[in-house]
Amino acid sequence: MEFGRIETNMVFSEQELDSLVQRLVFKAGKSCSAASPKVDNALLPGVGRLTATCGREISGGSSFVVRIFPERPWTVLGLLERNTLSPEVAAYLWLAVEYKMPILIAGEMGSGKTSYANAILGLAPPDRRIGTAEDVAEFNIPHLNWQKYLTDERRGIDLFELVKLLLRANVDYVVINEIRGAEESRAWFQAISTGHGGVTTIHADTVESVFNRLDNLGIPPEYLTSLALVVFIGRFKIGRKVERRTQYVFDIIDPRARQYTPIFTYNHAADSYAAGDLSSARTTKRILELAKWDARRFMEEYGRRAEFLRRLLCLHRSSPINDIKALAELFARFYQGYMPEAPASCEKRPEGEKRPPQRAKADWVVNFRMPAGPKRVRLRAVAAPGTRLELVDVNGRSAGGAEAEVEVAEPSLSVSAVGSGRLLYEVEMGGRVVGRGAVDLVRQRAPPPPMKDLVDMGETKVLDEGETKIVEETMVLGEQAPPPQAPRLCLKVGGRSLPLVAGKVYGRGDFDFVGEEARFVSKEHFRVEERGGGLWIVDVGSKNGTFVNNVRAEKGVGIPLFPGSVVRIGKVEGTVEVC
């Protein structure tokens with residue numbers, strides 16, 4: 001939302017909009033009908049979070065909002081590059097996270113609170129374990145020791161249950177994506193009051209609003225004393241764009257008396273940050289006590305972290321650090337005394353300017369030869385044990401990570417990589433995967449590991465044994481794979497599994513084994529259909545109804561089935577499972 005809300009020229013007819021919403025809802029694994037006309041907090045795999053309404057029951061017509069998740073996880077380098085925070089602000093938050101000071105991130109909707117929390121959690125020391133509890137999978141934390149839990153409405157597992165589970169899961173940090181309900185909020189504050197670190201977000205526009213909301217949620221005053229920092233994220237018009245900035249970092253002195261003081265403040269006119277008296281902050285004193293430092297040692301450690309982040313940002317600007325493992329390794333080396341070299345120049349590259357080609361730094365250049373025609377090629381670099389393998393560019397475009405996906409029509413594709421390991425590739429034509437293969441990028445060749453689930457698609461030739469090796473891989477694509485088949489699903493009722501077969505109509509005779517309750521099943525009750533590679537259940541006019549996860553299927557309107565779906569046929573209830 002760099003430019004705020006922008007009017008679109010897309011126009012839908014009512015029928016087109018209804019159809020589009022139903023397709024989005026289906027892709028999210030949900031259902032939307034007159035009986036249940038809304039979908040909230042649904043996950044569109046690989047896209048983002050979906051909120052939608054269908055029909056005119058509760059709105060003027062079908063509607064949808066998709067909150068798109070970033071392709072790469074937000075890291076502290078991303079925030080620094082955009083000046084969302086400064087190296088000094090990040091260094092202080094780093095120390096707070098390292099010593100498990102609980103942090104509450106506040107701001108209005110769309111201010112980037114979850115992305116901010118995601119980034120600063122990546123500052124946790126590499127030997128610490130982070131645990132998250134979410135209703136929708138929004139976190140993508142750049143940390144290698146992360147336990148993720150998700151709610152499950154079908155099984156009655158909510159955020160409160162997950163927070164309790166995290167308390168028994170031997171994690172150092174308990175994280176929930178947002179404070180909303182009273183139970184999970186109290187559980188989170190109870191966790192941080194027992195010595196766990198924690199980060200969460202809350203919708204609020206002032207620090208007083210934060211305390212008012214916590215009061216309304218019934219958080220006991222003794223739990224509030226554990227809260228260390230409240231970070232406010234604001235949105236500011238800078239030039240023609242709307243940018244996010246760390247508006248304030250408040251040190252919480254006494255939450256019961258609502259005493260707090262800003263230790264970092266954003267200056268909009270100068271687009272810069274000013275620090276207050278850090279040494280007298282309550283959070284600083286708590287860190288000193290835990291670390292057994294004096295004030296002088298604290299300022300030294302704070303300054304060292306700020307300098308490390310400044311130099312790391314310069315390193316990132318000259319050669320992007322987009323791989324999570326590579327970034328985590330650099331932070332791990334910090335604790336071993338590592339400090340990046342001070343660069344001669346660290347200017348931010350003007351927006352829109354392309355980075356120079358990275359080929360000169362590549363250890364490998366792989367030239368693929370393949371049949372002409374539209375293709376989608378997916379690449380994944382798998383490092384050899386004890387090393388790293390990273391893509392540098394694909395067809396001249398910077399990649400900077402372990403995975404890439406590209407569409408090509410030409411009969412060639414050039415990939416540059418640095419490191420040692422195996423480059424896996426998958427080719428898709430006409431919407432179907434037509435084969436997979438691998439290229440070994442190892443200087444001292446050893447017998448390659450077995451290629452499980454791979455089709456040997458071509459021949460590999462090493463043409464140049466110089467500093468940068470040039471490898472030529474000829475793809476010989478096989479016949480197109482058949483379209484995906486619907487999974488084999490069964491309805492488990494009691495101790496018996498009833499296979500669900502596409503095209504079949506089920507009725508009372510299919511449920512005779514349940515005994516007396518079979519009389520509430522109509523003679524012809526529902527039909528199973530295959531749609532888009534999945535199975536749907538369609539009521540054919542039953543008397544007592546067909547329900548999926550307590551949502552009634554209207555006559556002739558299907559509801560998708562997934563493993564774990566609870567289906568009720570009249571009074572007969574069962575669970576969908578893979579046969």
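Predicted model: local features only at pLDDT ≥ 70, side-chain atom pairs only at ≥ 80, totals over all residues.
**Notebook: helix packing and aromatic contacts**

I took the contact next. On the H10 side I listed Arg304, Arg305, Phe308, Leu309 and Leu312, and on the H11 side Leu327, Leu330, Phe331 and Phe334. Sorted by class, this contact has 7 nonpolar and 2 charged residues, and no polar ones. For the geometry I noted an angle of about 150° and axes 12 Å apart, with H10 spanning residues 295–318 and H11 residues 324–334.

I checked the aromatic pairs across the model, and the count came to 23. I picked out Phe236 and Tyr266, whose rings are 5.0 Å apart centre to centre, with 55° between the planes. I logged the pair as tilted. Where do the two residues lie? Phe236 is in strand E9 (residues 229–238) and Tyr266 in strand E11 (residues 259–267), so the pair ties together parts that are 30 residues apart in sequence. Are Phe236 and Tyr266 buried or exposed? I found both of them buried.

Last, I looked up another charge over a ring. Lys571 lies over the face of Phe520, at 4.2 Å from the ring centre.

Key:
Residues numbered from 1 in each chain as written. Heavy atoms only, no water. Axes fitted to C-alpha atoms, helices over the stretch in contact; angles between N-to-C directions. Helix = DSSP H or I, 4+ residues; strand = E, 2+ residues; numbered from the N terminus. Contact = heavy atoms within 4.5 Å. Nonpolar A, V, L, I, M, F, W, Y, C, P; charged D, E, K, R; others polar. Phe/Tyr/Trp six-rings, centres within 6.5 Å; stacked < 30°, edge-to-face > 60°. Buried < 20%, exposed > 50% of the residue type's maximum accessible area, 1.4 Å probe, protein only. Lys NZ or Arg CZ within 6 Å of the ring centre and 35° of its normal.
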